[in-house]
Amino acid sequence: MISMSRFLSHPLLLIIVLFISSCSNNANQVLIQDVDVESDQNSVSLFTIETDYLFEEFPDHVFGALRPTERDLFENHLTTLLSRQTTASVNGMISHHQVPDQTFELREFELRSGSMKMISPKPGTRITNGESNCRFILIMDQFFFTPYQAEVGGDTYAGHENKVEERIRFETKYLIWDNHREEAVAWGKINTNSQLNMQDRRSTYVQLISNAFSQIIKVSPFRSRMS
């Protein structure tokens, strides 16, 4: 585990100040202030932390878990959903087979309200698929979809009782890795929730992931399509 003091002592980060986006109203997202990105360098790939590849190296880590529909979205549609949220060039997924296990370590990242731990590349590492030279890597760790029930509506004066609504929450930790700096430049933990569409559960999952990417883009080196 790397403490914040060691993180800030890295040679590339001596003069860097952490900037927490004031417009996001979210104490759980951080962006390094002086990230300069030329338009032709604004490219990003996706990498998800999976238990199958890293459990032996991190046996005590709580890895994300996905049901079949959720896994299909992660494996086949995650880049498309990210592309809908940002004008940055999204260059696909990076496979675990293309990155040595020794690339990673468990690190602690400071937030305005506490801190978070996640599996991260080691400082000085470049993450690549061996073909493209992508500037940024969006890494997701400890991702979960959690169904729950919530009481909504109702009007006691009119004699109406609250009804129980089926809902689902998506949560994930993430970091954005800069291959030029060879270090993380943004990180955080977020969650989104929505009423579960019982006739089309897939659309609910799509909306949750899209909302999560929207939150990430707001505190990132990337431009949002909504801006």
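**Notes on the predicted model**

1. Glu171 has a relative accessible area of 30% and is therefore partly exposed; the classes used here are buried for under 20% relative accessible area, exposed for over 50%, and partly exposed in between, with a 1.4 Å probe and protein chains only. The side chain of Glu171 forms a salt bridge with that of Arg169 at 4.0 Å, N to O, where a salt bridge is a side-chain nitrogen of Lys or Arg within 4 Å of a carboxyl oxygen of Asp or Glu. Arg169 is also partly exposed, at 27% relative accessibility.

2. Residues are numbered from 1 along each chain as its sequence is written, and side-chain values use heavy atoms, with hydrogens and water left out.

3. The rule gives a count of 9 salt bridges. One of them links Arg167 and Glu165 at 2.5 Å, N to O; Arg167 is buried at 16% relative accessibility, and Glu165 is buried at 11%. Another links Glu70 and Arg67 at 2.8 Å, N to O. Here Glu70 is buried, with a relative accessible area of 0%, whereas Arg67 is partly exposed at 37%.

4. The protein has 5 helices and 9 strands, taken as DSSP runs numbered from the N terminus (helices H or I, at least four residues; strands E, at least two). From the N terminus, the order of elements is α-β-β-β-α-α-α-β-β-β-β-β-β-α.

5. Strands E7 (residues 136-152) and E8 (residues 163-178) pair in the antiparallel sense over 15 bridges; pairing requires that DSSP finds at least two bridges between the strands. Thr146 stands opposite Arg169 of E8. E8 also pairs with E9 (residues 183-195), again antiparallel, over 12 bridges, and Asp178 has Glu183 in E9 as its bridge partner. The hairpin of E8 and E9 has 4 residues between the strands, and Glu182 in the turn has a positive phi of about 60 degrees.

6. Buried residues of H5 include Tyr205, Leu208, Ile209 and Phe213.

7. The largest nonpolar core holds 57 residues, and Phe74, Leu138, Met140 and Phe213 are among those with the most contacts inside it. Such a core is a set of buried Ala, Val, Leu, Ile, Met, Phe, Trp, Tyr and Cys residues joined through side-chain atoms within 4.5 Å. Neighbours within four places in sequence aside, Phe74 is in contact (heavy atoms within 4.5 Å) with residues including Met140, Phe145 and Ile209.

8. Glu105 lies in strand E5 (residues 104-111) and is buried at 18% relative accessibility. Glu105 and Pro121 are 16 residues apart in sequence and 6.2 Å apart in space, C-alpha to C-alpha.

9. Of the 227 residues, 48% count as buried. Among contacts with a separation of 6 or more, 71% come from residues 24 or more positions apart.

Key
This is a predicted model: local features need pLDDT of at least 70, side-chain atom pairs count only at pLDDT 80 or more; totals for chains, interfaces and linings use all residues.
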